[in-house]
Amino acid sequence: MDILHPAVDRYLTELAHKDDEPVLLEMEALAAREHFPIIGRLCGRFLEVMARANGARRIFEMGSGFGYSAYWWSRATGPDGEIHLTDTDPANQSKALDFLGRAGLDAPIDYHVGPALDVFNETAGDFNIVYCDIDKDGYPDAWEAAKTRVRIGGLYLCDNMLWSGRVTGESDEPDVRDGYTEAIDKTNRAIASDPNFRSFILPIRDGVVAAVRTR
Ligand SMILES: C[S@@+](CC[C@H](N)C(=O)[O-])C[C@H]1O[C@@H](n2cnc3c(N)ncnc32)[C@H](O)[C@@H]1O
């Protein structure tokens, strides 16, 4: 199921291509070569816009891969930010630090190797933005842990909330792993009904939720 009409996707992506910088292109080429699921230009731009609009300085990311989404956070915060990245794979850490270093965007980065929720629980304080892109069975717990540690006025953002349309119950595509669709749907419903947040799922790429904490 296409979330966005392919022509609309192409149009939006073409507009987003004015950011063609060598390191960004290198990261995108690596993702294409290794079939690594980066968020891509449209979501990347969206994250940067959200972070800039929020004046975000302190950001926690769950599931960072080789630093593609962090590229956009770093553009938004500049060197005065504090961006915590997490991944269970140490090879991703070294790739991320290399890419972000060469892009001149590594100043605010603190990359932790380990399970995202454990690292989150060990990292003190609250955040302007918590962003989640880990294995999907972890989504309900990630939301539960993060929702009280997003500052009032801050954002919880999470990728793959439409899961190629499977959450609608009208997709014929089999799930990637048992329970993923249910976990995402459960999280969508929890976020949408939380009295302390106002939220919206933007149907670009695979659906990204933006939830602002109001109280
Ligand atoms: C979809 S990729 C992240 C892509 C990244 N956000 C980007 O757009 O550049 C998911 C990453 O999360 C990592 N991951 C999955 N579950 C995790 C968990 N529970 N804790 C930490 N990392 C996790 C995987 O190793 C993988 O690198």
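The legends below describe several close-up views of one predicted model.

Local features are described at pLDDT of at least 70 and side-chain atom pairs count only at pLDDT 80 or more, whereas totals for chains, interfaces and linings use all residues. Residue numbers start from 1 along each chain as its sequence is written.

View 1. The strands form an open sheet in the order β3-β2-β1-β4-β5-β7-β6, with mixed pairing; strands (E, at least two residues) and helices (H or I, at least four residues) are DSSP runs numbered from the N terminus, and two strands pair if DSSP finds at least two bridges between them. The edge strands are β3 (109-113) and β6 (197-202), each of which pairs on one side only. On average, and with direction ignored, neighbouring strands of this sheet are turned by 15° against each other; axes are lines fitted to C-alpha atoms, for helices over the stretch in contact, and angles run from 0 to 180 degrees between N-to-C directions.

**View 2. Strand β1 and its two neighbours.** Four of the five residues of strand β1 (residues 58-62) are buried, which leaves the strand mostly covered; a residue is buried if 20 or more other C-beta atoms lie within 10 Å of its own, exposed if 12 or fewer, and partly exposed in between, with C-beta atoms placed from the backbone. β1 pairs with β2 in the parallel sense over three bridges, and I59 stands opposite I83 in β2. From β1 the chain crosses through α4 to β2 in a right-handed β-α-β crossover, a term that applies if, with the strands pointing away from the viewer, the path from the first strand over the helix to the second runs clockwise. β1 also pairs in the parallel sense with strand β4 (residues 127-132), over four bridges, and the bridge partner of F60 in β4 is V130.

**View 3. Strands β2 and β3 with the helices on the sheet.** Five bridges pair β2 with β3 in the parallel sense, and H84 has D110 in β3 as its bridge partner. Helix α5 (residues 90-102) lies across β2 and β3 and runs at about 165° to β3. Helix α8 (residues 180-192) also packs on the sheet, where it touches β6 and β7 (208-213), and its direction makes about 135° with that of β6; two residues are in contact if their C-beta atoms, placed from the backbone, lie within 7 Å.

View 4. β4 and β5 pair in the parallel sense over five bridges, with Y156 in β5 as the bridge partner of V130. Between these strands, the chain crosses from β4 through helix α7 (residues 139-146) to β5, and this β-α-β crossover is right-handed. β5 and β7, in contrast, run antiparallel and are joined by four bridges, and the bridge partner of Y156 in β7 is A211. A211 and Y156 are 55 residues apart in sequence, while their C-alpha atoms are 5.1 Å apart in space. A211 counts as buried because 24 other C-beta atoms lie within 10 Å. When residues up to four places away in sequence are not counted, A211 touches L155, Y156, I191, F197 and S199.

**View 5. The shell around the ligand.** The ligand is surrounded by 19 residues, of which G63, G65, Y68, A116 and I134 are the closest; a residue is near a molecule if its C-beta atom, placed from the backbone, lies within 6 Å of it. α4 (68-77) and β2 (82-87) each supply at least two residues of this shell. By class, the shell has seven nonpolar, eight polar and four charged residues, where Ala, Val, Leu, Ile, Met, Phe, Trp, Tyr, Cys and Pro count as nonpolar, Asp, Glu, Lys and Arg as charged, and the others, Gly among them, as polar.

View 6. H17 is found in the loop between α1 (6-15) and α2 (22-34), and H17 is exposed because 10 other C-beta atoms lie within 10 Å. The C-alpha atoms of H17 and R41 are separated by 7.5 Å, although these residues are 24 residues apart along the chain. Most residues other than glycine have a negative phi. H35, which is not a glycine, has a positive phi of about 50°; H35 lies in the loop between α2 and α3 (40-54) and is exposed, with 6 other C-beta atoms within 10 Å. Phi of W163 is also positive, near 45°, and W163 has its place in the loop between β5 (150-158) and α8. W163 counts as buried, with 23 C-beta neighbours inside 10 Å.
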